[in-house]
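Please examine the sequence and the structure shown below before reading on. The briefing that follows is arranged by topic.

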Amino acid sequence: MVPNSSVRSSRRSSFTRTNRDLAVAWRTASVGIMAQVADSLLDLVATVLAYFAVRVAEEPPDPEHPYGHGKIESFSAGLEGGLIIIAAVVILVEAVPVFFT
């Protein structure tokens with residue numbers, strides 16, 4: 001179980017880091033910094049997903065879910081992994097042409 005204060009703090013720091021990286025990327029137009037922005041946005045989305053997954057997983061078993069709701073955490077982790085793969089592909093697609101020019 002993740003305490004709500006920890007999740008709130010993580011969400012706040014992810015949001016702050018994303019805004020800072022976005023401001024730097026806007027000024028520099030650097031592909032490396034834009035990749036960092038993508039990573040920061042991914043961290044922010046992952047934090048929000050984890051928050052909701054933990055909230056749902058803590059619910060007690062009910063008639064529709066006699067063994068509880070714990071598998072939502074695994075689903076959330078898989079979704080976060082998929083987002084990381086998508087971000088990596090987008091970064092590669094954007095960075096490779098810049099590398100060869």
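**Briefing on the predicted model**

Phe75 is a residue of helix 3. The structure is a predicted model, so every value in this briefing is computed. Phe75 is exposed, since its relative accessible area is 56% and the term applies to values over 50%.

**Salt bridges**

- The structure contains two salt bridges.
- One of them joins Asp43 and Arg17, whose closest N and O atoms are 2.3 Å apart.
- Asp43 belongs to helix 2 (residues 31–57) and Arg17 to helix 1 (residues 4–28), so this pair ties together parts that are 26 residues apart in sequence.
- Asp43 is partly exposed, with a relative accessibility of 27%.
- Arg17 is also partly exposed, with a relative accessible area of 24%.
- A salt bridge is likewise formed between the side chains of Asp21 and Arg20, with an N to O distance of 3.0 Å.
- In this pair, Asp21 counts as buried at 7% relative accessibility, whereas Arg20 counts as partly exposed at 48%.

**Buried residues and their contacts**

- Asp21 is located in helix 1.
- Apart from neighbours within four places in sequence, Asp21 is in contact with Ile33, Gln36, Val37 and Ser40.
- Thr18 is likewise located in helix 1.
- Thr18 is buried, because its relative accessibility is 6% and buried means under 20%.
- A polar atom of the Thr18 side chain lies 3.2 Å from the backbone oxygen of Ser40.
- When residues up to four places away in sequence are not counted, Thr18 touches Ser40, Leu41 and Leu44.
- Leu42 is found in helix 2 and counts as buried, with a relative accessibility of 14%.
- Leaving aside neighbours within four places in sequence, the contacts of Leu42 are Leu83, Ile84 and Ala87.
- Leu42 and Ser9 are 33 residues apart along the chain, and their C-alpha atoms are separated by 16 Å.

**Aromatic pairs**

- A pair of aromatic rings is described by two quantities, the distance of the centres and the angle of the planes.
- Two aromatic pairs are found in a search of the whole structure.
- In the pair of Tyr51 and Phe52, the ring centres are 5.2 Å apart and the planes stand at 70°, so the arrangement is edge-to-face.
- Tyr51 is buried, with a relative accessible area of 16%, whereas Phe52 counts as exposed at 51% relative accessibility.
- In the pair of Phe99 and Phe100, the ring centres are 5.1 Å apart and the planes stand at 80°, so this pair is edge-to-face as well.
- Phe99 is exposed, with a relative accessible area of 67%.
- Phe100 also counts as exposed, with a relative accessibility of 65%.

**A nonpolar patch on the surface**

- Phe99 and Phe100 also belong to a nonpolar surface patch, together with Leu92 and Val96.
- The accessible area of these four residues together is about 490 Å².
- Leu92 has its place in helix 3, which covers residues 71–99.
- Leu92 is exposed, with a relative accessible area of 53%.

**A backbone angle in a loop**

- Which residue has a positive phi although it is not a glycine?
- The residue is Ala29, whose phi is about 60°.
- Most residues other than glycine have a negative phi.
- Ala29 is situated in the loop between helix 1 and helix 2.
- Ala29 counts as exposed, with a relative accessibility of 53%.

Technical notes:
Residues numbered from 1 in each chain as written. Heavy atoms only, no water. Patch = residues over 30% accessible without salt bridge, like charges linked within 9 Å, V, L, I, M, F, W, Y side chains within 5 Å. Areas by Shrake-Rupley, 256 points an atom, 1.4 Å probe, with all protein chains shown as cover. Helix = DSSP H or I, 4+ residues; strand = E, 2+ residues; numbered from the N terminus. Buried < 20%, exposed > 50% of the residue type's maximum accessible area, 1.4 Å probe, protein only. Phe/Tyr/Trp six-rings, centres within 6.5 Å; stacked < 30°, edge-to-face > 60°. Polar contact = N/O pair within 3.5 Å; in protein donor to acceptor, adjacent residues only side chain to side chain. Contact = heavy atoms within 4.5 Å.
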